[in-house]
Every structure is written in C-alpha cells, then in structure tokens.
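The following dialogue is written for a student who is learning to read a protein structure. Please look at the structure first and then follow the questions in order.

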Amino acid sequence: MEMRGLMGGLYKISEWIMRLSVTNVLWIICSIPYIFLLLPTLLSQTTDEFLSGVILSSIVAPFTLFPATSAMFGVARKWVMGEVDVPLLRTFFRNYKESYLQSMIGGIVYVLLFAIMIVDFQVYLRELTTFKIVSYLFIALIVLLGVSLFNFFSMVVHYHMKTFQLLKNSVLLTIGRPFRSLSTAIMCGFVLYISFSSPKLMFLVPFFTGSIVAVIAFWNFYQIYTKLQMQAAKAAEEAEEAARQELEDAVGIEKLEADKEGNVRK
C-alpha cells in the first residue's frame, strides 16, 4: 500500500537519499586508486610534489575514475528515464563492465586534452603576460571541455557507437547547444561549490556530490536528446507527407492523361 501525505513524502525523500548515497559510495569505492593518489596531492607542500601527484593521479584516472563515472551515469540514466527502482548494485556494475573500454579510451583522450589546456593556460598566465587575456579564453575552453565530458559519459551509457563517434558527438553537442551546456556548467558548478565551500558540508562529497552531478548532467543531456528525437520524428513525418503528396500528384497526372487519351480515341 502506497503511503501518502507527510509520511509518504518523507519515505520518498529517504529512498532518494539512499539511492544517491549508495551510488555515490560505489563510485568512490571503484575510484579508490585515483583518490589514493589525489589526496596527498591536495596536501602537498611544494609545487614539485603537487605536479607529481597530479600527473600520477591523471595517469590512473582513465582506468579507474572514468569507468566508475560512466557506471554512475548509467544508474542516473535509469532514474531520469523513470526507472527509479532499478537494483543499484547490479545496474552499476553492469554499466561498469559494459562501458569500461570506451570510458578508458575516452578518459585517456580527455586527460590529454585537459593537460594541454591547463599547460597553455599557465603559459599565457605566467609567461606570456602580454597575452594574459588569452588565459581567460582557456578557462572557458576548460569549462566547455568539462561539459563535453559529462555529455560523453551520458552518450556512453545511452548510445551504441564507436568511441571516436562518441568523442566527436559529445563535443559537437556541447558546442551546438550552448544554453544547455551553460545550464549544465552552472548547476553542476553550484553543487561542487556547495560541497567544497565549508568543512561542515564536506560530507556531501563521499555520499551525494557525484551522484547529484550525474543526475543533473544526464537530465540536461536527455532534454537535448528528447528534443532531437522530436525534431527527427517531425522531419520524418513531413518527408512522408511530401512523398505521399508527390505520389498522389503523380497518380492524378497519370489519371488525367489516361482520361485525355480515352477522349481522343472516342
């Protein structure tokens, strides 16, 4: 029997807390090698230690963090599409297994792209001070690349495509839908800001931050996907209607010619 009223609302809230927290914890567990290398980096005392930690964690990320994130997006996909009662463990690890290779390859590409952009940003900010304004452009490009990464994860769990097509389409989708990309960046950025804004809110990171970001990012992606599907269906209907009208016109012309020929014979 379904509960209603205040108790029903509290029950649904507790269910969502459980879903988000379990999925986020699974994501953390599967990303432990990356986190193990990243945490000392955040506490490093020198620039050399920081750079070494970033490089090591970045090398490990495509093999741990990226597949775990794809698996988390796979669970978020089910929720956004209305399947809120899916078994969390089975859904998470099935997506982890199925998307591992593509997530790993895509992760390597994205890590390299992020590394190139961050290095360029540092060069223009500190070395080429005459062109310092260009460094702000790289900040915008890094944000766009981050949004395209979210779209990549969404497409990995939603489409059956080759990895190169997923990478290309995730970038094109990000550029082609600037307002939706901006919406994703703002909402996900807000969640990250809240999570890291205070030591009292740091508990959100291991239990909620990742899964909430995944839901927001996939929801935005799914809105684009739904709109594209509607446009494709409308275009198909218009093409079918045009073909039908053309066929009717052709049949009408043939009938008219046949009538004319009959009259001539008479």
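Predicted model: local features only at pLDDT ≥ 70, side-chain atom pairs only at ≥ 80, totals over all residues.

User: In which helix does methionine 7 lie, and is methionine 7 buried or exposed?

Analyst: Methionine 7 is placed in helix H1, residues 5-30; helices (H or I, at least four residues) are DSSP runs numbered from the N terminus. Buried means under 20% relative accessible area, exposed over 50%, and partly exposed in between, with a 1.4 Å probe and protein chains only. Because its relative accessibility is 53%, methionine 7 counts as exposed.

User: Which residues form a nonpolar patch on the surface?

Analyst: A patch is made of residues with over 30% relative accessible area and no salt bridge; like charges are joined within 9 Å, and nonpolar side chains (Val, Leu, Ile, Met, Phe, Trp, Tyr) within 5 Å. Accessible areas come from the Shrake-Rupley method with a 1.4 Å probe, and for residues only the protein chains shown count as cover. Together the patch has about 520 Å² of accessible area, and its members are Leu6, Met7, Leu10, Ile13 and Ile17.

User: What is the distance between the C-alpha atoms of lysine 12 and glycine 53?

Analyst: Lysine 12 also belongs to helix H1. With a relative accessible area of 46%, lysine 12 is partly exposed. Lysine 12 and glycine 53 are 41 residues apart along the chain, and their C-alpha atoms are separated by 41 Å.

User: How many salt bridges are counted?

Analyst: A salt bridge is a side-chain nitrogen of Lys or Arg within 4 Å of a carboxyl oxygen of Asp or Glu. One of them joins the side chains of lysine 78 and glutamate 83, at 3.7 Å from N to O. In this pair lysine 78 is buried at 16% relative accessibility, whereas glutamate 83 is partly exposed at 37%. By the rule above, the count of salt bridges is three.

User: Why does tyrosine 110 count as buried?

Analyst: Tyrosine 110 lies in helix H5. It counts as buried because its relative accessible area is 1%.

User: What is the volume of the largest cavity?

Analyst: On a 1 Å grid over the protein atoms alone, a cavity is a set of points where a 1.4 Å probe fits but cannot get out; a pocket is an open set with protein on both sides within 12 Å along at least five of seven lines, and lining residues have an atom within 4 Å of a point. Grid points are joined across faces, edges and corners, and a volume is the space filled by probe spheres set on the points. A search of the whole structure finds one cavity of 30 Å³ or more. The volume of the largest cavity is about 30 Å³.

User: Which elements give two or more residues to the lining of the largest cavity?

Analyst: The lining includes Val147, Arg180 and Phe221. The elements that give two or more residues to this lining are helix H6 (132-158), helix H8 (178-196) and helix H9 (204-265).

User: Which element gives the largest share of the lining of the second largest pocket?

Analyst: This pocket has a volume of about 280 Å³. Of its 14 lining residues, Asn95, Glu98, Val156, Val157 and His160 lie nearest its centre. The largest share of the lining, five residues, comes from H5.

Methods. Residues numbered from 1 in each chain as written. Heavy atoms only, no water.
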